[in-house]
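Keep the structure open and follow the rings.

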Amino acid sequence: MQIIKRNIELRVDDSLMRVYVASPKPAGKYPGIVFYSDIYQLGDAIIRLVNYLAGFGYVVAAPEIFHRIEPVGSVIEPNDIGRMRGNDDARRTLISEYDSDTRAVIDFLKNDNLVISDKIGTLGFCIGGHLAVRAAFENQINACVACYPTGIPSGKLGKGVADTIHRFDEIKEEILLIFGTKDPHISEHDRHTIINALENAKVHHQFFCYDAEHTFMRDDGYRYDPMAATSAWEQIIAFLERKLRR
């Protein structure tokens, strides 16, 4: 399916938040996706993932998660310096600010004339996976995909300690989790902690583990694993199809 690309601006707490939106080109209304990047924001690799997902029939809205700190349009390079910069931006952002951004993007999707307003999901990678899980606290979210979400057991997300794992009982819809077994940022212990907490909160969920490293779905890095990424996307597309398109 061909897509249309655009950038919109939302104002959150008097800060300009650029949101990249990719939509199917054929006329009609489609489910919406709140899409979260990793700490490097909306670089080429992440934009390719947004576009890819939109091509399956979704209006995908990806905000710049550090808009209060970084100038609009800033892309953080995925190298050692960029990692320091992105992690510092994350530490300086209040958890409540991330949550406000989520609600702003949900509101945009609900009111966009291309979106089926009661069919909205969320998907994210790394820190964005954590943000996607928090987005699932919102009643308007009908499905959540979290790819190698960092910081959930420890509460590491932004300024302060995130209470995410203690609020799993607020999640009313299903979650799909994607993990890499060689991921040093999400240990086997952390994976089990997340899964056990979801089970205890009676959250319907499924998870897939791949013999892969952290960020294995980014196609611009040495950790990229095409076979694992392709398999993960097959599971993601099937999950979203079941949850949002039926």
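Rings of Phe, Tyr and Trp, with the six-membered ring used for Trp, pair if their centres lie within 6.5 Å. Planes under 30 degrees apart count as stacked, those over 60 as edge-to-face, and the rest as tilted. The model is predicted. By this rule it holds six aromatic pairs.

Start with Phe35 and Phe125. Their ring centres are 5.7 Å apart, and 45° separates the planes, a tilted pair. Now place the two residues on the fold. Phe35 lies in strand S3, residues 30-36. Phe125 belongs to strand S5, residues 115-125. The pair therefore ties together parts that are 90 residues apart in sequence.

Phe35 has 0% relative accessibility, so Phe35 is buried. Phe125 comes to 2%, so Phe125 counts as buried too.

Next, turn to Tyr210 and Phe216. The centres of their rings are 5.8 Å apart and the planes meet at 45°, so this pair is tilted. Tyr210 has a relative accessible area of 10%, which means that Tyr210 is buried. Phe216 is buried as well, at 0%.

Which residues do ring pairs link into a cluster? They are Phe35, Phe125, Tyr148, Tyr210 and Phe216. Both pairs described above have their residues in this cluster.

Look at Tyr58: the charged end of Arg245 sits over its ring. The distance to the ring centre is 5.4 Å.

Methods. Residues are numbered from 1 along each chain as its sequence is written. This is a predicted model: local features need pLDDT of at least 70, side-chain atom pairs count only at pLDDT 80 or more; totals for chains, interfaces and linings use all residues. Side-chain values use heavy atoms; hydrogens and water are left out. Helices (H or I, at least four residues) and strands (E, at least two) are DSSP runs, numbered from the N terminus. Buried means under 20% relative accessible area, exposed over 50%, partly exposed in between (1.4 Å probe, protein chains only). A charge sits over a ring if NZ of Lys or CZ of Arg is within 6 Å of the ring centre and within 35 degrees of the ring normal.
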